[in-house]
Amino acid sequence: MPDSNGYFAGIDVGSTTTKAVIVDAGGELQAAAVARSGADFERAALRTLEDALEIAGIPRSRIGRIVSTGYGRRNVPFADDRRTEIACHARGAFESARRAVTVVDVGGQDSKMIVLDDAGARLRFRMNRKCAAGTGAFLEEMARRLDVPIEALDALARHSTRTVSLGSFCTVFAATEVLAKIRAGEKPEDLAHAALRSVARQATEGESVAGPVIATGGVAEHLPIFAEILAEVLQTTVEVPAHAQACGAYGAALVARDGPTTDEPDPR
Amino acid sequence: MAEGPRIAATQALKDLMEGRFRSLDAASRDPERRVAWCTSVGPVELLLAFGFEVYFPENHGAMLGATRKANQYIPRAIAEGYSPDICSYLTSDVGAFLAGETPLADAYGLAGVPKPDVLVYNTNQCRDVQDWFSFYGRRWGLPVLGIQTHRGVGEVTDAHVDSVALQIEALCEPLGKIAGHPLDHARLEGVVDASRETSRLWRAVLETGAHRPSALSFFDGAIHMGPAVIARATQEANDYYRILLDELSGRVEKGLGAVPGERYRLYWEGMPVWGRLRALSSLFLELKACVVASTYCNSWVFEALDPKDPFRSMARAAVELFIVRSEDEKEKTLAEMVRRYDVDGIIFHDAKTCPNNSNSRYGMPGRLSKKLGIPTLTFQGDVNDLRLYSDEQTVTNIEAFVEQLADRPHA
């Protein structure tokens, strides 16, 4: 730990949003900020860090170390180190779980499942295949087809009374499937529920889940019904940590606090 | 991009490859000489014994991938009725032919691919090679000859070997007519002997990867395997591998690795992503992870070849090939490679258009991980079609995999 009196920052530059988290030397979360990533990742990272600093009420000079993560992790030149979002979501989720768990992270354009042992070590992980199935992008498209803002999917899905299945995992084909079902008289609330269940299934296919699940990412934070559907699909308990969307940034901040280790891959 | 230590023999490799293609080009223009196209693990020794100059379309496919021109040509083949889901070597090669273009033009000054007198395949690679060669056979009205090798082979039996040996022998009559003379058996024995020597040398080259640090990486191997594929059984290939082996043995003696500061040793299962060979090589260099061995590079080691029994030993080599073996046999081979090369983890490339060279689809990664106690990673990509490959997804997967190795308690 380079500065036991200082603070540490993690910045997760995701495909849709950028998240910054500041923790103190004890690993306690002091502030979290979220902003759109846009097209300038470096600027988004800087702006989000500044927002988090403002929330925490501390100057930048008190940040001992910064770790970047996410798709734009290489676009944060002021970071001291970088880690993949797999490592950081695992680290952040384990901090709240403190037991063997499976992390299910559904982000804007990817999803991942990470199996952790009771010490937080990664046993294995799996990302979505090369398409939007099981990601926030799929839900954005479904919301557009249902003509509602994505945030409204939660309330809409809660009024679902009938189980409707979306068979296609391809976003474009699923969108046409939704149109066909609308024409056939299916209700938007049932289709919203079907879209969320599709994401839950697609994000978790290919990995057997034996224990509790921690759901992270923007979908879990902003659409609480997603965790309920995920629990139903996986037949297990699903917890959503505070600041689920910023879990990767939180993990990165914890990695920053832990300091460099001799075995770090340091891929820069 | 990070670059590893340069292999000095590379210039000799370039000279050899250029010489081969210029010779092929000259042969295809000379009415007195004969050119055969052959699949990369086809009966090349027989063709050489008949005096054919041999051209390997799979090598051309790899060139199209490595030069990142494949996606320019694949749509041409699709428009001809070939599915985008079949072998992207086939679709890029056929597409390039339809466009009248070839990377051989820029690389070696050839006007086009050397036109053959006959096309000879062995389905031990896949069924696609038969359809691939048939395209050209129909186009040019040329004979397409083939060998059908068994698939899912567990223990290799005499029945397997007899079957393939008879098929190879049956090629002699039609090949003799095209060549204009019967087979010279003594010459065949000499070619098989030379081919066995190529295999011995190539295997010795690959085994320098078993040292710590590894003297070469999979990415070096994917380049330097050229002569083992397109020039095996020739004096120049064997001379070349002696030069390369000397150099790599020198690295072993001096403790020099292909990846400076090697921390992690990985195995690559599946095809290369030809259009990202350099980028991936650079990524592994940065991560201080060396891909020390691969199924792919070892696929041109034919230990069964025996000049005293040419037909049966060629047949045995074709049937012992990893790609035609049963899932259990493949699993045993991979486990042995992991032990021999002291590997920390296995990367499986699930190549969309190359199912026969993608061994992650029937539970193999999970079984091996459990059996060997090492992690595995499977990433989706393709041999040539970069539309089926995501740079970001793959880089994140590989980085996360190496992070996972770094986080091991004993790391």
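**Exercise 1.** In what order do the five strands of the open sheet in chain A lie?

*Solution.* This is a predicted model. Read across the sheet: the order is β3-β2-β1-β4-β5 (chain A). The pairing is mixed. Now take the edges. Strands β3 (29-36) and β5 (81-82) of chain A each pair on one side only. Two bridges join β5(A) to strand β4 (residues 63-69) of chain A, and the two run parallel. In one pair, Val67(A) has Asp81(A) of β5(A) as its bridge partner.

**Exercise 2.** Find which strands helix α9 (residues 247-258) of chain A touches, and do likewise for helix α1 (residues 41-56) of chain A.

*Solution.* Start with α1(A). This helix lies across β1 (7-13), β2 (17-24), β3 and β4 of chain A. Its angle to β3(A) is about 145 degrees. Then turn to α9(A). Helix α9(A) packs on the sheet and touches β1, β2, β3 and β4 of chain A. Its direction makes about 140 degrees with that of β1(A).

**Exercise 3.** Decide whether Thr91(B) is buried or exposed.

*Solution.* Locate the residue: Thr91(B) sits in helix α5 (residues 88-99) of chain B. Count neighbours. The cut-off for buried is 20 or more other C-beta atoms within 10 Å. Thr91(B) has 30 C-beta neighbours inside 10 Å, so Thr91(B) is buried. Beyond four places in sequence, Thr91(B) touches Ile74(B), Ala77(B), Ile78(B), Tyr82(B), Pro84(B) and Ile86(B). Take Ala77(B): 14 residues away along the chain, its C-alpha atom is 5.2 Å from that of Thr91(B).

**Exercise 4.** Describe the side of chain B that touches chain A.

*Solution.* Chain B brings 18 residues to the contact, and chain A brings 17 residues. Helix α19 (residues 391-406) of chain B gives the most to the chain B side, with 10 residues. By class, that side has six nonpolar, six polar and six charged residues.

Methods:
Residues are numbered from 1 along each chain as its sequence is written. Chains are lettered from A and ligands numbered from 1 in the order in which they are written. This is a predicted model: local features need pLDDT of at least 70, side-chain atom pairs count only at pLDDT 80 or more; totals for chains, interfaces and linings use all residues. Two residues are in contact if their C-beta atoms, placed from the backbone, lie within 7 Å. Helices (H or I, at least four residues) and strands (E, at least two) are DSSP runs, numbered from the N terminus. Ala, Val, Leu, Ile, Met, Phe, Trp, Tyr, Cys and Pro count as nonpolar, Asp, Glu, Lys and Arg as charged, and the others, Gly among them, as polar. A residue is buried if 20 or more other C-beta atoms lie within 10 Å of its own, exposed if 12 or fewer, and partly exposed in between; C-beta atoms are placed from the backbone. Two strands pair if DSSP finds at least two bridges between them. Axes are lines fitted to C-alpha atoms, for helices over the stretch in contact, and angles run from 0 to 180 degrees between N-to-C directions.
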